[in-house]
Amino acid sequence: MPQDVDSFASPTDADAVDLIVGQWRRERPDLDPSPMHVVGRITRLHWALDERLCRVFERYDLGRGEFDMLATLRRSGPPFELTAGELRGSTMVTSGAVTKRVDRLERAGLVSRRAAEDDARGRLIRLTDRGRELIDEAVEQHVRNETRLLAGLTSDERSALTDLLRKLGQTLPSE
């Protein structure tokens, strides 16, 4: 095993994160870089997965945020309509980002916007028939893609990883 590869990895299983951790162990033996094994891999996986997921969205002329907005409206159930505030809360973006995405989706004929009956300042965003058809097709391809991306894990491994990631998300310190 090369000297800079972390000693926890076998030579055949070593990856770039093992190399980085091994280098930090060598250069800063006073530090414990072992958290990099998890955080570094999650970060690298995020980049790799995002690239592969966006390829599906691009086939439908959608960005990640636009896909998320259409999917949020679709999974809300009939009448597939939410307030801008509900969209903002569900997609966890700013009100400006919601407005920008809704503007683009409305120009594309995928959503419509109308004043809320009980609040003239409020707006309701509704999935159009065309938008519903597009997101139904796109989400099928998205799920197939995610299934393909996770094919290297068994069902039990996926379940264990799901539980661990949920726990990590629930136990992250708040800032």
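This is a predicted model: local features need pLDDT of at least 70, side-chain atom pairs count only at pLDDT 80 or more; totals for chains, interfaces and linings use all residues.
Colleague: Where does F80 sit, and what is its phi?
Modeller: F80 is in the loop between α3 and β1. Its phi is positive, about 60°, although F80 is not a glycine. P79 lies in that loop between α3 (64-75) and β1 (81-83) too, and a cis peptide bond with omega of about 10° joins P78 and P79.

Colleague: What makes D61 buried or exposed?
Modeller: D61 has a relative accessible area of 55%. The cut-off for exposed is over 50%, so D61 is exposed. D61 is placed in the loop between α2 and α3, and has a positive phi of about 60° without being a glycine.

Colleague: And how do you know whether D32 is buried or exposed?
Modeller: The relative accessibility of D32 is 54%. Exposed means over 50%, so D32 counts as exposed. D32 is found in the loop between α1 (16-27) and α2 (35-59).

Colleague: What joins the side chains of D32 and S34?
Modeller: A polar contact of 2.8 Å joins them.

Colleague: How do you know what span to expect of α5?
Modeller: Helix α5 (residues 95-107) has 13 residues, and at 1.5 Å a residue the expected span is 18 Å. From first C-alpha to last, α5 reaches 18 Å, close to that expectation. After α5 comes G109, whose phi is positive, near 80°.

Colleague: Which residues of α5 are buried, and what puts them on the same side?
Modeller: The buried residues of α5 are V98, V102 and L105. They cover an arc of only 65° around the axis, so they lie on the same side of α5. K100 and R107, on the other side of α5, are exposed.

Colleague: Which elements line the largest pocket?
Modeller: Those giving two or more residues to the lining are α2, α6 (129-149) and α7 (155-171). The largest pocket holds about 860 Å³ of space. Its lining has 22 residues, with L45, L49, L150, L161 and L165 nearest the centre. α2 gives the most, 10 residues.

Colleague: How do the lining residues divide?
Modeller: The lining of the largest pocket has 12 nonpolar, four polar and six charged residues.

Note on methods. Residues are numbered from 1 along each chain as its sequence is written. Side-chain values use heavy atoms; hydrogens and water are left out. Helices (H or I, at least four residues) and strands (E, at least two) are DSSP runs, numbered from the N terminus. The expected span of a helix is 1.5 Å times one less than its number of residues. Buried means under 20% relative accessible area, exposed over 50%, partly exposed in between (1.4 Å probe, protein chains only). The arc is that of the directions from the helix axis to the C-beta atoms. A polar contact is a pair of N or O atoms within 3.5 Å; within protein, one must be able to donate a hydrogen and the other to accept it, and residues adjacent in sequence count only if both atoms are side-chain atoms. On a 1 Å grid over the protein atoms alone, a cavity is a set of points where a 1.4 Å probe fits but cannot get out, and a pocket is an open set with protein on both sides within 12 Å along at least five of seven lines; lining residues have an atom within 4 Å of a point. Grid points are joined across faces, edges and corners, and a volume is the space filled by probe spheres set on the points. Ala, Val, Leu, Ile, Met, Phe, Trp, Tyr, Cys and Pro count as nonpolar, Asp, Glu, Lys and Arg as charged, and the others, Gly among them, as polar.
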